[in-house]
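The exercises below ask you to read a protein model step by step. Work through each task with the structure in view before you turn to its solution.

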Amino acid sequence: MGILLGIAIVSAPLIFAFIQMIRGRLSHLHLLRWLALASLLFVLFAGGMIVSVKIGGGADLHNMDAFLVMLALIVTTFIGGRVAGERGANPVWGLSHWSVTVAAFLVPLGFALPQIGFFQSYDSILVEADIRMLQTSAKEAQGEILLVTERQLLIFDELKNISLVPEYEQMELMEMAMSGNRDYLEKFYSDLQGHRFAIIIAEEQKFTLQKQGAFIEENNAWVRFIGTPILCAYKPVETLSSTNIQIFIPRENNADCKDPFLK
């Protein structure tokens, strides 16, 4: 539903409750205190919006959590009568209507209920076959093995006798692609072109940029700075049956690809 409509629905009950409590009682607090509270909310709201648009892709409200926590903290402090007046005494605030209180409980439930489902299951036989394929490929590889994803298989000892290459994990690569960290990325490209890794285990990669949909900037930054350079130096030879994870091996001749930093 988008950031603006979503945050309006989630915060509306608390805002209405707050308005009902302070109506006709603004004189209980100094103007500067009201401005301070409003400034806190505005800064966190604006910051969350900027981050949501710039990085979050506008998909959900997870970047608005600081604003929501501050709003809830302010409103519940007033509801609990823990706001001291200008002369030290706790002033009496108004009461919120029962419908607002009900809405404050129903809104989170309304977002949560559609997410409730049956316990997820998986085809254990298929997964075991995929893990055996990864283990066989790793055993036959002559050199380092880079797991861009699926590092949990090392943590839980599903893949054995494989040394972890700490650099070039998927989230770290995404951060460096988004920030255009040239020093980091050029070292990554050098390792790819020099075929440092005997095999790479990663999600399916592509050359084509995304034209529409959510997270366009993030997806295109990945394709440009990570996916294309991987495919220029490595080729996929196996795709796991249970997921989109592929096994990449070095190309005999690296493809002649454009410098990612050239537009």
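**Exercise 1. Find out which helix gives the most residues to the lining of the largest pocket, and describe that lining.**

Solution. The helix that gives the most to the lining of the largest pocket is α7, with five residues; helices here are DSSP runs of H or I with at least four residues, strands are runs of E with at least two, and both are numbered from the N terminus. This is a predicted model, in which local features need pLDDT of at least 70 and side-chain atom pairs count only at pLDDT 80 or more, while totals for chains, interfaces and linings use all residues. Residues are numbered from 1 along each chain as its sequence is written, and side-chain values use heavy atoms, with hydrogens and water left out.

A pocket is found on a 1 Å grid over the protein atoms alone, as an open set of points where a 1.4 Å probe fits, with protein on both sides within 12 Å along at least five of seven lines, and its lining residues have an atom within 4 Å of a point. The largest pocket holds about 410 Å³ of space, and of its 14 lining residues the closest to its centre are Met174, Glu203, Glu218, Asn219 and Trp222. Both α7 and α9 (216–233) supply at least two residues each to this lining.

**Exercise 2. Decide which residues of α7 are buried and which elements they pack against.**

Solution. Begin with the cut-offs: buried means under 20% relative accessible area, exposed means over 50%, and partly exposed lies in between, with a 1.4 Å probe and protein chains only. In α7, the buried residues are Leu173, Met174, Met176 and Ala177. They cover an arc of only 165° around the axis, which places them on the same side of α7, the arc being that of the directions from the helix axis to the C-beta atoms. The face turned away from this buried side carries the exposed residues Met171, Glu175 and Ser179. Finally, the buried residues of α7 pack against α8 (182–193) and α9, where contact means heavy atoms within 4.5 Å.

**Exercise 3. Compare the phi and the exposure of Glu150 and Asn161.**

Solution. Most residues other than glycine have a negative phi. Glu150, however, has a positive phi near 65°, and Asn161 has a positive phi of about 60°. Glu150 counts as partly exposed at 22% relative accessibility, whereas Asn161 is exposed, with a relative accessible area of 82%.

Methods. Grid points are joined across faces, edges and corners, and a volume is the space filled by probe spheres set on the points.
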